[in-house]
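Dear colleague,

I am passing a structure on to you, and my notes on it follow below. Please read them alongside the coordinates.

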Amino acid sequence: MRVGVIGAGISGLSVVHALADSDIDVVAYEARSEPGGIMRSRQIDGRVVDLGPQRLRLTPGIESLVETLDLGDQLRIGDDDQPLYIYHDDKLRVVPLSVREAVATDLLSLSGKLRILAEPVTAAPREGETVDGVLARRFGTQAARRYMGPLYSGLYGTDPREMLYEYSLGRALENAGVGRSLLLWVIRRLLAGRETPPICTFDDGLGTLPTALYEAHADAIHLDTPVSSVQPADTGYELQTAAGRDRVDQLVVTTPAPTSAELLRPVDASLATQLSQFNYNPITMVFLDTPLDREGIGALVPTDSELPISGTTWNTSFLGRERLVTCYVDSNSDPEMGDRTDSEVGDVAADAFEQLTGVSATPIHLHRWEPGMPAYDRSWTAMESLSPPADIHFCANFVGRPGILGRIRNAKQLATELVSEL
C-alpha cells in the first residue's frame, strides 16, 4: 500500500510519524517551504513568537513525542498556577477554574453560583442547540455568558449564540470522556486527585515539535511542493505536483475544508460542494511589546464587549517570554478587520490591550490566519452528509478532535486503521 498525505502540518506529520514503523509506503506533500501548518515559530526582535497555538499540555502523548524526538533539553514548562481573567463590566475578573476561585469570584452573583449546581438534573443537550443555548439552560445565563461561552468559543472567533453545540463543544466533551453531567465529571476528577498536565512549550517555540517530526522523516516529506490537483486513477489516485505525478492507493487530506474542496473536485464534485459549505473565521494574531507586570495566563473578551479583540495571552507572565503578549482579533470582535491594513489592526489591538489592562503596548509583529478557524456555525450541518470515498481520509481541523492534541490523536487513530487494512 502507498499512502499519499496532502499537507505537512501537525496532522500530516503525525500521520507520517505514526506509519513510520509499518510496512506502508507513505509520501507527504506540503505547499509551504516549512513544515508545521499552524505550529510555526519566529524570532522577532529577539523574542520567540508562535504564530499559532501559544502552548500545549504535557500529556503522555506529547511526552512520548518529546522523548522519541530527543527534545527534552529544549522543553519549557510554564507556570499555569496563575489566574485566567475575563473582561466584564469594564473590569478584569478571575475566571472560576477551581473550587476556591468559584467561591471567591465576583464574576457571578450568589444566585449565579448556586444555579450552576442544578446542572446535573437539567435535560441533556438537544439537536440543533447552540453552545450558548446549552450552557445557559444547564448552568444559568450568568455562568454561560460571562465566562463559559467565551472560554470555549473565543478559540474559534464565533459568537456562542451561532455555534452549534453538537459539532463543537459537545464533540470536545465527548472525546474527553465527559458523560451526562460536566459538573459531576469535574467533581469526580477532583475527588480522584487527577492532576491536569502542565503547560509546556519549547525554548524556540512550539514550531520545534513539527520541525523535529519533519527532520525525522524528511525522506518521505516534500516541502515547497503543492499538490495542484488530485485525479482518479485505475486504482487509487494521481497527485499532480510541479515535480510530476505520483500514484497512491490511499489518500489522507489534512488541509482546511476550502482547500480540500478544490483539490477533490475532480474526484467527487458532490463531496467538494459539501466541503465548500463549511464556514471559517479569519483570525489575526498581534504580538505586542509591553511592560505588563501582572500574573495571569491571559484575558478573554466576550462577544458583547465593545473592545475589538477576543482575548489575550500573557506570554510574559506564565511562559517567561520577556515583554511579550499575544492579542487576538477576528471578524466577530472587529467586523472591519478584513478591510484594515496590518498597521491599523496592530494599533487597534494595542489600544484595546491598554484599555483592558491599563498598560501600554507596541505592536512588533502580526500574522493573519486565513481561512482561519472552523466556525462550527449552522454551515456545519453539512457534516451529516459528508461521505468521502473509502480510500480518501480526512485528518483535518474540520473533522475529529479539535486542537493540537486532538489532531495528533486523530492521526494516530487513522494510521492504526490504515495499517489494519494491510
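Is Arg 161 buried, partly exposed or exposed? Arg 161 is partly exposed, with a relative accessible area of 46%, where buried means under 20% relative accessible area, exposed means over 50%, and partly exposed lies in between (1.4 Å probe, protein chains only).

Before the rest, some conventions. This is a predicted model, in which local features need pLDDT of at least 70 and side-chain atom pairs count only at pLDDT 80 or more, while totals for chains, interfaces and linings use all residues. Residues are numbered from 1 along each chain as its sequence is written, and side-chain values use heavy atoms, with hydrogens and water left out.

Salt bridges

A salt bridge here is a side-chain nitrogen of Lys or Arg within 4 Å of a carboxyl oxygen of Asp or Glu, and by this rule the count comes to 20. Arg 161 forms one of them with Asp 159, the closest N and O atoms being 2.7 Å apart; Asp 159 is buried, at a relative accessible area of 12%. Another joins Asp 132 to Arg 145, with 2.9 Å between the closest N and O atoms. That pair links distant parts of the chain, 13 residues apart, with Asp 132 in helix α5 (residues 131–139) and Arg 145 in helix α6 (residues 141–153). Asp 132 counts as buried at 9% relative accessibility, whereas Arg 145 is partly exposed at 44%. The side chains of Glu 238 and Arg 245 also meet in a salt bridge (3.2 Å, N to O), in which Glu 238 is partly exposed at 27% and Arg 245 is exposed at 55%.

Sheet and helix

Helices (H or I, at least four residues) and strands (E, at least two) are DSSP runs numbered from the N terminus, and two strands pair if DSSP finds at least two bridges between them. An open sheet of five strands, paired in parallel, has the order β10-β2-β1-β14-β20. Strands β10 (221–222) and β20 (392–394) stand at the edges with a single partner strand each, so one side of each is left without a neighbour in the sheet. Strand β14 (residues 250–253) pairs with β20 in the parallel sense over three bridges, and Phe 394 in β20 is the bridge partner of Val 253.

In helix α10 (residues 257–264), the buried residues are Ala 257, Ser 260, Ala 261, Leu 263 and Leu 264. The buried residues of α10 pack against several elements, among them β14 and β20, contact meaning heavy atoms within 4.5 Å.

Best regards
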